[in-house]
Amino acid sequence: MTAEVKEQRGIKTQEYFVNMGPQHPSTHGVLRLVLELDGEIIQRVEPHIGYIHRSIEKMCEKDSYRQIVHLTDRMDYLSANMNNEAVCLAVESALEIEVPDRVKVIRTIIAELTRLASHQLWWGVMGMDLGALTAFLYGFRDREMINDIFEETCGARLTMNYNVPGGLMFDIHPNFQRRVKEFIAHFKTKIPEYDQLLSDNVIFRERTEGIGILSKEDAISYGATGPTGRASGFSCDVRKHHPYSAYDRVEFKEILMEKGDSFARYKARILEMWESLHIIEQLIDNIPEGEYQAPTKAVIKLPKGEFYQRVETARGELGVYVVSEGSKSPYRLKFRSPGFSNLFTIDHMARGYKIADLVAMMSTIDLVIPDIDR
Amino acid sequence: MNPILKYIGDIAHGLKTLIKGMQVTGYYISHAKKEIITQQYPENRESLEMFDRYRGIVEMPHDENNEHACTGCSACEVACPNGTIEIISKRVEDPETGRKKKAIDQFVYHYSMCTLCNLCILSCPTDAIIMGKNFEHSVFDRKQLTMTLNKPGSKIRADVKE
Amino acid sequence: MAIEWAIIGLVLILFVAISVIILVYVERKVAAFFQLRLGPMRVGKWGMLQTIADFIKLLMKEHIITKKADKFLFNLAPFIIVTASFLAIGAIPFALGLQVMDINIGVFYITAVSSIGVLGILLGGWAGNNKYSMIGALRSGAQVVSYELSITLSLLAMIVLAGSLQLSEIIASQQTGWWIFKGHIPAWIAFTVFVIAGTAETNRGPFDLAEAESELTAGFHTEYSGIKFAMFFLAEYVSLFIIAAVGATVFFGGWLPFHIGHWQVFNAVMDWIPPIVWFFGKVAAIIGLIMWFKWTFPRLRIDQLLILEWKYLLPINLVNLIIVSFIALMGWYL
């Protein structure tokens with residue numbers, strides 16, 4: 001009922017506040033949303049964060065540069081390898097160490113595998129949030145192959161800690177190439193199944209098309225990067241604009257869509273999965289021989305100054321800002337987390353829609369709350 | 001006439017996409033025997049093999065004479081980010097030269113704080129510690145998580161150099 | 001006389017209890033196989049005693065009643081919904097003559113009695129004194145009331161062909177072949193609409209916004225715990241059984257075996273299988289189809305649900321009814 005109608009009929013309504021509390025099945029972590037509702041329509045969304053703040057940035061101030069890397073695994077745990085890579089690249093560019101080609105190529109392959117794993121989990125959770133519960137299990141089944149690859153090479157499935165400043169912790173396992181090739185062949189038959197199960201489904205389209213539109217200007221002003229921003233037409237792929245590791249020698253497209261609604265964000269991620277597969281295919285057969293670690297001093301001390309390094313994680317642009325006073329721990333380390341900027345677009349997007357649409361929108365933004373709270 | 005045709009077209013398209021979706025799940029349930037990927041966990045312990053590099057818990061391997069390779073140099077204690085390892089060393093008499101040397105008394109390992117980051121293994125100069133594959137460490141009493149890795153009565157192997 | 005009715009009542013209660021135990025177990029296993037996992041495996045061989053274990057656990061739970069709840073209505077709501085389900089089972093023919101009541105308005109009676117269930121839903125949401133479960137109950141009530149129209153109209157299309165509301169007469173009219181084959185196109189349209197409306201009627205599958213609304217509430221049975229919650233659960237599975245049974249009777253010939261023309265040998269083999277096995281086989285197939293819907297599709301929003309009913313299913317039903325009356329007049333059915 002609009003305000004004019006209410007005025008005409010002399011009806012007074014009062015908005016009520018509802019708490020989608022920290023413990024909730026569909027907020028993907030501990031996030032508290034205070035919704036101001038008028039009946040079913042959302043008037044305002046206010047996210048409250050900080051429930052999983054573990055002071056990672058503070059802990060980095062007392063650890064040496066080699067010891068910071070394992071803490072970044074636990075920020076955005078779905079793109080753990082890319083977080084590690086960001087810190088290692090920051091240290092390497094500050095010390096002006098040139099890593100061997102082999103390291104660059106392997107880092108890129110592992111980063112793209114992590115991106116695939118993160119998108120697979122996102123797809124499963126998106127299906128589950130909207131009610132298609134089997135989609136969850138299918139996404140996880142495909143992710144298991146990537147987890148096995150990581151377990152064999154890096155030693156762990158979630159908190160890999162494989163990158164060190166200067167290179168990799170150990171060389172890749174002899175089975176690595178074979179497993180990755182098997183995985184690519186297997187997964188290429190699965191993405192069309194994903195499309196058949198969810199993307200083409202008329203119920204799914206009805207629930208995501210036209211919902212939660214984010215225009216390009218809003219995306220730029222909120223700083224929404226990653227697939228969230230690219231689905232609104234904001235060209236922000238760090239791999240294209242500021243290439244690092246081996247991204248300048250592979251050929252891939254940057255996925256840009258125009259509409260900026262939930263379905264565009266969904267489709268952008270599905271197309272990104274195809275692009276990741278394409279990147280891995282180009283690199284897996286041509287891993288150059290060489291060392292897996294560049295020589296670094298026993299105690300790493302960064303020169304005095306400020307250094308910034310950006311990396312494209314599965315959620316968007318992760319920035320690492322290091323202020324160093326010349327000692328063996330940083331004076332201040334700040335992470336520009338992609339989830340933080342992406343989350344706060346929800347207030348702008350969700351006004352005027354219903355609560356069921358809010359859940360669809362939040363799953364398309366792909367939030368991982370430890371990334372926001374660090 | 002056109003709105004009616006569009007209406008019927010919408011319904012037909014909707015039904016087609018729904019049936020295609022059902023085909024995917026229908027395939028999986030009809031081939032359930034080969035497509036089921038879960039394993040019954042506690043019952044399959046015998047056949048469960050972890051990968052070589054899997055990080056389960058830090059262990060100090062002892063050979064058959066109850067000897068290990070740890071010299072008590074504390075490189076792992078320095079490398080550990082959060083103080084999981086505490087090295088308590090003692091001075092023993094070296095039988096060959098007669099001088100006092102540092103040896104390991106207790107290698108205290110707080111498993112409850114360990115993040116399994118592998119930095120201690122990399123920093124050990126004598127390869128005394130490895131990452132074990134056992135991951136079943138649930139206990140009822142938290143004190144059992146503070147372990148001493150070197151077994152009682154063990155000493156360093158003779159051929160380990162500092 | 002009284003003893004006979006007491007025995008019949010006991011048999012019905014036992015039947016409902018056993019069928020719910022089997023149905024819950026089957027649902028969990030079917031869901032597991034769709035999702036590439038094994039389902040309950042530990043309690044009993046292949047987890048067959050799982051539902052009994054859950055039931056015993058629910059029996060031992062405390063009955064929590066909120067402070068300002070309306071006690072009488074709070075306790076009444078589960079009973080209403082279970083009674084509605086029981087009443088409907090009485091009219092379903094399981095085999096020739098194996099029917100509690102063979103009244104001459106069979107189909108009408110079943111749909112009328114299932115409508116009583118709406119009362120249980122609305123009372124359950126109201127009596128909990130919780131504004132969110134009230135909203136859930138209102139939505140669920142609106143959904144059930146709308147989709148009843150579709151169910152009744154789609155059944156009517158077959159009644160026009162069969163000529164009678166009495167369930168045994170409908171089965172008798174299918175001696176020469178099931179209506180889904182004899183009544184070609186209108187029967188297929190009517191069956192599709194019936195299955196869609198049937199899943200919406202029982203708050204299942206892609207239409208379970210009211211109870212799986214993990215966004216805000218757990219629907220109208222938020223405030224219930226213990227055995228009363230089990231009763232809501234039971235009523236959902238019994239009404240699933242009823243929808244499948246009515247569908248099997250009206251569209252697929254009830255307990256009649258599958259005959260093809262004059263293939264004597266084939267027909268003799270089909271006749272050898274007892275009719276009650278035919279009946280439960282058909283019911284199982286329709287229940288399987290409805291479960292397939294639940295585990296494949298995402299949920300519909302409440303306004304999309306109601307749009308589906310009022311703008312799509314209802315006009316299709318009415319047009320189908322006109323077509324079928326025309327066909328019945330011209331005799332263009334087999």
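Select chains A and C of this predicted model. Show the residues in contact between them: 17 residues of chain C meet 21 residues of chain A. Colour the chain C side by class. Nine of its residues are nonpolar, four are polar and four are charged.

Now hide chain C and bring up chain B. Here 19 residues of chain A touch 21 residues of chain B. On the chain A side, pick out three helices: H3 (65-72), H6 (133-153) and H8 (191-199). Each of these elements gives two or more residues to the contact. Stop at H6(A), which provides the largest share, five residues. The chain A residues that touch chain B comprise eight charged, seven polar and four nonpolar.

Next, go inside. Bring chain C back and select Met361(A), Met158(C), Phe241(C) and Ala244(C). These residues belong to the largest nonpolar core, which has 194 residues, and they touch the most other members. Which helix gives the most to this core? Select residues 227-252 of chain C: this is helix H10, and 17 of its residues are in the core.

Centre on Phe241(C). Look beyond its neighbours within four places in sequence, and Phe241(C) is in contact with Ser19(C), Leu23(C) and Val283(C).

Zoom in on Val92(B), whose bridge partner in S4(B) is Lys101(B).

Colour residues 2-35 as domain 1 and residues 57-156 as domain 2. The C-alpha centres of these two domains of chain B lie 60 Å apart.

Finish by colouring chain A by pLDDT. Its mean is 88, and 98% of its residues reach 70 or more. Where in chain A is confidence lowest, and where is it highest? The lowest value belongs to helix H1 of chain A, residues 3-9, at a mean of 73. The highest belongs to strand S7 of chain A, residues 317-324, at 92.

Note on methods
Residues are numbered from 1 along each chain as its sequence is written. Chains are lettered from A and ligands numbered from 1 in the order in which they are written. This is a predicted model: local features need pLDDT of at least 70, side-chain atom pairs count only at pLDDT 80 or more; totals for chains, interfaces and linings use all residues. Two residues are in contact if their C-beta atoms, placed from the backbone, lie within 7 Å. Helices (H or I, at least four residues) and strands (E, at least two) are DSSP runs, numbered from the N terminus. Ala, Val, Leu, Ile, Met, Phe, Trp, Tyr, Cys and Pro count as nonpolar, Asp, Glu, Lys and Arg as charged, and the others, Gly among them, as polar. A nonpolar core is a set of buried Ala, Val, Leu, Ile, Met, Phe, Trp, Tyr and Cys residues joined through C-beta atoms within 7 Å. A residue is buried if 20 or more other C-beta atoms lie within 10 Å of its own, exposed if 12 or fewer, and partly exposed in between; C-beta atoms are placed from the backbone. Two strands pair if DSSP finds at least two bridges between them. Domain bounds come from an automatic or database domain assignment. pLDDT is the predictor's confidence in each residue, from 0 to 100.
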